[in-house]
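Have your viewer open and your selection tool ready. Let's take a short walk through the model, stop by stop.

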Amino acid sequence: MTAFWTAPDPRAALRELLSTAYPRAVADADLLLSLTRKYGTSPFTTLETARRELAVDRVVFERLLDTFDQVPELRAAVVAGPAGKYWSNTVLPLESKGIIDNILERRTVTPHIVALYPGPTCMFRCHFCVRVTGARYENSSLEAGNAMFASVIDEIPNDNPYAMYVSGGLEPLTNPGLGGLIARAAGRGFKMVLYTNAFALTSQTLERQPGLWDLHAIRTSMYGLNDEEYEETTGKRKAFGRVKANLLNFQKLRAARERPVRLGLSYIILPGRASRLTRLADFIAELSDAAPDQPIDFLNLREDYSGRPDGKLPPGERAELQDALNAFAERVASRIPSLNVDYGYALHSIRSGTEAELIRIKPSTMRPGAHIQAGVQVDLLGDVYLYREAGFPGLKGAERYIAGRIEPGTTLADVVAKFVADDRRIEPRDGDEYFLDGFDQALTARLNQLETDMADGWHTSRGFLR
Ligand code: SF4
């Protein structure tokens with residue numbers, strides 16, 4: 001049966017659905033449809049705003065919310081909306097695991113996700129990266145840093161295999177002890193994902209650090225599709241050729257060793273580069289052809305909105321991007337049908353041809369208490385950062401977002417307990433919003449929404465869906 005929201009006349013289809021499933025709600029069909037559209041495009045709307053826009057009183061609004069609870073098709077329609085990725089990727093999983101309640105109640109718990117940032121340096125200097133040129137961790141901090149990471153790996157409860165991943169900050173493969181840490185984590189049952197630029201993912205690295213074969217997945221950030229594009233973005237000459245050779249080699253090695261490590265790419269579409277997407281599909285097909293039984297597993301596509309103050313694309317650029325995404329999807333379907341493509345919040349809405357609201361957190365909407373229960377980032381010094389883009393050495397202002405330091409005698413649990421007990425607040429300053437990545441922003445928007453809903457007396461229905 002076709003879902004009502006994709007029917008040629010969604011209003012009539014919803015009426016028909018309600019008349020069978022929930023006849024008493026037929027009279028509310030138009031209001032329910034408006035509410036579905038509102039939360040499918042603007043998931044962080046507060047309940048009072050939505051109620052006022054519908055021009056109904058609280059009794060009627062409560063009845064509508066009640067119907068949403070009882071008709072799963074309405075809920076599914078919201079999640080299938082243009083901004084549905086916010087619901088399905090971030091909000092609903094965090095709600096169902098109780099993470100949101102942990103934050104709102106300021107509970108002392110192990111952070112839901114712990115990111116390890118073990119890289120002392122990076123060989124690239126990407127023009128959009130916030131890292132401070134020349135700033136790095138001293139090699140002398142590696143030994144103590146890796147001992148600290150080992151203690152964190154041993155400390156995290158292993159009831160969630162995805163509780164940790166390795167990223168940066170700087171490039172993780174510049175840490176020669178990384179393989180040992182991965183093996184240790186895998187030994188405790190963790191499925192570790194490594195975010196890397198793959199410049200150092202050579203045969204020699206894999207030989208020296210066999211623990212890298214215990215990874216669950218490698219996610220390689222691609223910065224172009226030829227040497228010139230790479231140099232333009234990363235400042236490094238001939239880097240594409242090396243990354244490509246490393247990935248082709250990895251494809252062959254993982255097939256020969258029959259290792260289940262998943263291999264994927266992430267690619268940011270920079271302004272004006274949308275037409276290159278079909279070349280990206282061809283590149284992934286070429287890598288996949290190197291090991292036909294183990295094609296490239298996944299691709300995370302994102303769009304660079306930095307520099308666009310309202311996060312919006314001009315209509316012409318938007319249409320061009322939509323066409324490019326369609327051409328890309330066709331090429332993937334014909335050449336690499338098994339590829340799992342994640343389009344993220346923004347591209348998903350562009351693909352669907354509808355304008356969804358994109359979250360733009362500003363210092364005025366940042367939360368001084370942050371959200372330590374949802375996740376932390378630990379760097380080589382043991383510093384525990386509250387936001388994903390803050391963990392770079394020497395980054396001005398980022399030190400204010402360090403919750404504490406893990407060191408001999410102080411565990412991650414101690415740092416969290418102290419941060420929560422002290423009820424520490426960090427007054428946001430201009431520019432602090434850049435410390436938040438897309439996940440931090442979506443979560444911040446959700447928490448702000450929930451607190452407003454609760455202050456407005458909508459405790460049980462807070463946040464619309466959960
Ligand atoms: S974005 Fe990643 S690869 Fe590029 S300079 Fe920053 S840390 Fe290095």
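A residue counts as near a molecule or strand if one of its heavy atoms lies within 4 Å of it. With that rule in hand, select C122, F124, R125, C126, C129, R131, G169, N197 and Y223: these are the residues around the ligand. By class, this shell has five nonpolar, two polar and two charged residues, where Ala, Val, Leu, Ile, Met, Phe, Trp, Tyr, Cys and Pro count as nonpolar, Asp, Glu, Lys and Arg as charged, and the others, Gly among them, as polar.

A word on what you are viewing: this is a predicted model, in which local features need pLDDT of at least 70 and side-chain atom pairs count only at pLDDT 80 or more, while totals for chains, interfaces and linings use all residues. Residues are numbered from 1 along each chain as its sequence is written, and side-chain values use heavy atoms, with hydrogens and water left out.

A cavity is a set of points on a 1 Å grid over the protein atoms alone where a 1.4 Å probe fits but cannot get out, and lining residues have an atom within 4 Å of a point. A volume is the space filled by probe spheres set on the points.

Select I269, L270, P271, G272, R273, A274, E303, L313, E317, E320 and L321 to see the lining of the largest cavity, which holds about 80 Å³ of space. Its lining has six nonpolar, one polar and four charged residues.

For the last stop, pick I113, H371, A374, G375, V376, Q377, L386, R388, F439 and D440, which line the second largest cavity, with a volume of about 50 Å³.

Terms used
On a 1 Å grid over the protein atoms alone, a cavity is a set of points where a 1.4 Å probe fits but cannot get out, and a pocket is an open set with protein on both sides within 12 Å along at least five of seven lines; lining residues have an atom within 4 Å of a point.
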